Amino acid sequence: MSLINTEVKPFKADAFRNGEFIQVTDADLKGKWSVLIFMPAAFTFNCPTEVEDAAENYEEFKKAGAEVYIVTTDTHFSHKVWHETSPAVGKAQFPLVGDPTHQLTRAFDVHIEEAGLALRGTFIINPEGVIKTAEIHDNAIARDVSETLRKLKAAQFVASHPGEVCPAKWKEGEATLAPSIDLVGKI
């Protein structure tokens, strides 16, 4: 069963953000757009590159009215040390969410049972707490966060423009399509 257009299940998790331990819940995902980026674990090879990419694009996410959450199967204590020791991860100003109980990785169907780790999953959630995009892939393949930002803006556009769709490679400000019988076979 797909997670698309389903509501995020209730959860509570500890996180590290800007020198503090905080708690993140499903209620925090409501009222604004949210991007959850699952990674296998802290102190791995590819994960810091993705955290750094998200950090370098964080201002754009904030301008779009979205919060970014990095989630690994580690604790928030590990995330504190990761943030303090990795120059790439040290750039993160968003919550680094710990999921040592695997509540979130299981809820978002990215859990690897035999390893106790997460697959690389990216989810865009609307202000009502409904999952609008899901991307899950092999841990050897790191993501390009600019594509996540493009998908966020597309999801925001179609949410505010019912009856329109964003075509392939759509970028903010470009033309969209209004599906109709007249377009069938014409594109």
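This is a predicted model: local features need pLDDT of at least 70, side-chain atom pairs count only at pLDDT 80 or more; totals for chains, interfaces and linings use all residues.
Colleague: How many residues lie between the strands in the hairpin of β8 and β9?

Modeller: There are five residues between the strands of that hairpin, and among them Gly129 takes a positive phi near 85°.

Colleague: And what order do the strands of the open sheet have?

Modeller: The sheet has seven strands in the order β2-β1-β5-β4-β3-β8-β9, and the pairing is mixed. β2 and β9 are the edge strands, each of them pairing on one side only, and from one strand to the next the twist averages 25°.

Colleague: How many bridges join β3 to β4, and do they run parallel or antiparallel?

Modeller: β3, which covers residues 33–38, runs parallel to β4 and is joined to it by six bridges; Trp33, for instance, has Ala66 as its bridge partner in β4. Helix α5, residues 145–160, packs on the sheet and touches β3, β4, β8 and β9, with its direction at about 150° to that of β3.

Colleague: Changing topic to α3: which of its residues are buried?

Modeller: In α3, which spans residues 76–85, the buried residues are His76, His79, Trp82 and His83. Seen down the helix axis, the buried residues fall within an arc of 110°, so they line one face of α3. On the other side of α3, Glu84 and Thr85 are exposed.

Colleague: What covers those buried residues of α3?

Modeller: The cover includes the strands β1, β2, β4 and β5, together with helix α1.

Colleague: How many aromatic pairs does the structure hold?

Modeller: It holds eight aromatic pairs. One of them is a tilted pair of Phe43 and Trp82, at 6.3 Å centre to centre and with 50° between the planes. This pair links distant parts of the chain, since Phe43 sits in the loop between β3 and α1 while Trp82 is in α3, 39 residues apart.

Colleague: Why does Trp82 count as buried?

Modeller: Trp82 counts as buried because its relative accessibility is 1%, and the cut-off for buried is under 20%.

Colleague: Which residues do ring pairs link into a cluster?

Modeller: Phe16, Phe21 and Phe77 are linked into a cluster by ring pairs.

Key: Residues are numbered from 1 along each chain as its sequence is written. Side-chain values use heavy atoms; hydrogens and water are left out. Buried means under 20% relative accessible area, exposed over 50%, partly exposed in between (1.4 Å probe, protein chains only). Helices (H or I, at least four residues) and strands (E, at least two) are DSSP runs, numbered from the N terminus. The arc is that of the directions from the helix axis to the C-beta atoms. Contact means heavy atoms within 4.5 Å. Two strands pair if DSSP finds at least two bridges between them. Axes are lines fitted to C-alpha atoms, for helices over the stretch in contact, and angles run from 0 to 180 degrees between N-to-C directions. Rings of Phe, Tyr and Trp (its six-membered ring) pair if their centres lie within 6.5 Å; planes under 30 degrees apart count as stacked, over 60 as edge-to-face and the rest as tilted.
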